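Please read these notes with the model open.

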Amino acid sequence: MARIIAGVGSSHVPAIGAALDNGKTEEPYWKRVFSGFEKSQEWMRETRPDVAIIVYNDHASAFSVEMIPTFALGCAAEFPPADEGWGPRPVPVVQGYPALASHIAQSVILDEFDLTICNKMEVDHGMTVPMNLLFGKVDKNSHWPCPVIPLAVNVVMYPPPTGHRCYMLGRAIRKAVQSYPEDLRVVIFGTGGLSHQISGPRAGLINSKWDKNFLDNLSKDPQKLAKIPHIDYMREAGAEGIEMVMWLIMRGALDDKVDEVYRFYTVPASNTAVGHIILENRKRGVKTATKHKRAAVRAKVDRIRG
Ligand code: DHB
Ligand code: FE
């Protein structure tokens with residue numbers, strides 16, 4: 001059986017991607033940000049997930065104001081980086097995992113969450129920046145360390161889904177993964193946030209007290225976070241702070257009790273408070289898998305990732 005072994009929360013600031021792509025990671029401003037992810041990259045190398053589910057938001061790249069699904073699951077075999085105005089980022093095409101993705105779609109939709117199924121989709125900084133922060137810089141002609149199932153959430157046009165809906169969707173994803181027969185070790189990402197507002201009279205707003213409280217409760221009392229209404233995110237965390245509801249999908253997909261193994265917080269990167277957390281389920285690993293079976297799963301995953 002497949003298992004979600006850990007959750008990762010990470011901001012997705014586009015300027016972080018630009019700093020990486022343009023060789024600025026050693027500049028003091030950016031070093032402060034990137035050094036906070038060094039331990040996480042080590043953790044990711046050791047954890048070596050077979051598949052990552054990445055909950056992120058599209059910024060009018062794959063979708064436009066003409067059509068915005070609330071929850072869209074990437075079921076394609078691959079997801080090219082989107083052109084966000086400066087050409088596509090120089091990162092590898094993201095390889096998907098269609099078999100698990102369509103299993104999740106079936107399980108979650110039969111559990112009454114109406115996902116949109118995407119069989120062709122480009123992915124923007126919302127997904128590729130957290131991938132770089134956790135997997136490091138990866139040459140465009142090389143490949144990411146594992147296949148990825150993208151889950152795009154509408155947080156750009158009102159009304160976004162509630163935090164509670166996101167948390168419950170996470171629960172349904174957990175159930176879906178646990179009913180998938182392959183012995184896959186899965187890590188789920190919640191991305192976006194933390195507090196930030198990009199335009200309007202409050203542009204530049206950052207609320208560190210709110211952010212830190214959110215990170216504390218993400219570990220200890222996520223049900224409390226699931227009750228926060230939209231208006232509180234808007235008022236306290238800024239207009240774009242609503243991206244934080246995506247972290248609740250990640251948290252809902254984990255066990256009730258988790259171990260917080262790493263946290264990082266810095267202000268600012270571009271206009272945004274950068275938050276990051278790694279939460280591990282206590283029952284990790286795929287116990288039933290023999291060494292031989294594990295090697296077979298790994299060989300298959302390696303074929304898929306390229
Ligand atoms: C910024 C942050 C975002 O989340 C985003 O999608 C675009 C810009 C920023 O900090 O500038
Ligand atoms: Fe954003």
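How far is an oxygen atom of ligand 1 from an N or O atom in the side chain of S270? The separation is 2.8 Å. The notes below begin with conventions and then return to this ligand.

1. Conventions. This is a predicted model, in which local features need pLDDT of at least 70 and side-chain atom pairs count only at pLDDT 80 or more, while totals for chains, interfaces and linings use all residues. Residues are numbered from 1 along each chain as its sequence is written, chains are lettered from A and ligands numbered from 1 in the order in which they are written, and side-chain values use heavy atoms, with hydrogens and water left out.

2. The residues around ligand 1 are H12, V13, P14, H59, H125, H196, I198, E243, A269, S270, N271 and T272; a residue is listed if one of its heavy atoms lies within 4 Å of the molecule. Ligand 1 taken alone exposes 290 Å², and the protein buries 87% of that. Such areas come from the Shrake-Rupley method with a 1.4 Å probe; for residues, only the protein chains shown count as cover.

3. Iron site. The iron ion (ligand 2) is coordinated by H12 (NE2), H59 (NE2) and E243 (OE), at 2.1 to 2.3 Å. Donors are N, O and S atoms within 2.8 Å of the metal (3.2 Å for Na, K and Ca); water is not among the atoms, so sites may look incomplete. In sequence the donor residues are spaced H-x46-H-x183-E. H59 sits in the loop between β2 (51–56) and β3 (71–74), and E243 in the loop between α9 (230–237) and α10 (245–252), so the pair ties together parts that are 184 residues apart in sequence. Helices (H or I, at least four residues) and strands (E, at least two) are DSSP runs, numbered from the N terminus.

4. Is E243 buried or exposed? E243 is buried, with a relative accessible area of 5%, whereas H59 is partly exposed at 26%. Buried means under 20% relative accessible area, exposed over 50%, and partly exposed in between (1.4 Å probe, protein chains only). In α10, eight of eight residues are buried, among them W247 and R251.

5. Positive phi values. Most residues other than glycine have a negative phi, and most peptide bonds are trans. S270 has a positive phi of about 55°; S270 lies in the loop between β9 (258–269) and β10 (272–281) and is partly exposed at 36% relative accessibility. A60 has phi near 60°. A60 is in the loop between β2 and β3 and counts as exposed, at 57%.

6. Cis peptide bonds. The bond joining Y158 and P159 is cis, with omega about 0°; P159 lies in the loop between β7 (148–153) and α6. The bond from G193 to L194 is also cis, with omega near -5°, and L194 belongs to the loop between β8 (185–191) and α7.

7. Nonpolar cores. A nonpolar core is a set of buried Ala, Val, Leu, Ile, Met, Phe, Trp, Tyr and Cys residues joined through side-chain atoms within 4.5 Å. The largest has 58 residues, of which I104, I173 and L184 touch the most other members. Helix α6 (residues 163–178) supplies the largest share of this core, seven residues. Apart from it lies another core of 43 residues, including W43 and I278.

8. Two buried helix residues. G17, in helix α1 (residues 14–21), is buried at 2% relative accessibility. Leaving aside neighbours within four places in sequence, G17 is in contact (heavy atoms within 4.5 Å) with R89 and V129. N217, in helix α7 (residues 208–220), is buried at 11% and, not counting residues up to four places away in sequence, touches P222, K224 and L225.

How values were computed:
A polar contact is a pair of N or O atoms within 3.5 Å; within protein, one must be able to donate a hydrogen and the other to accept it, and residues adjacent in sequence count only if both atoms are side-chain atoms.
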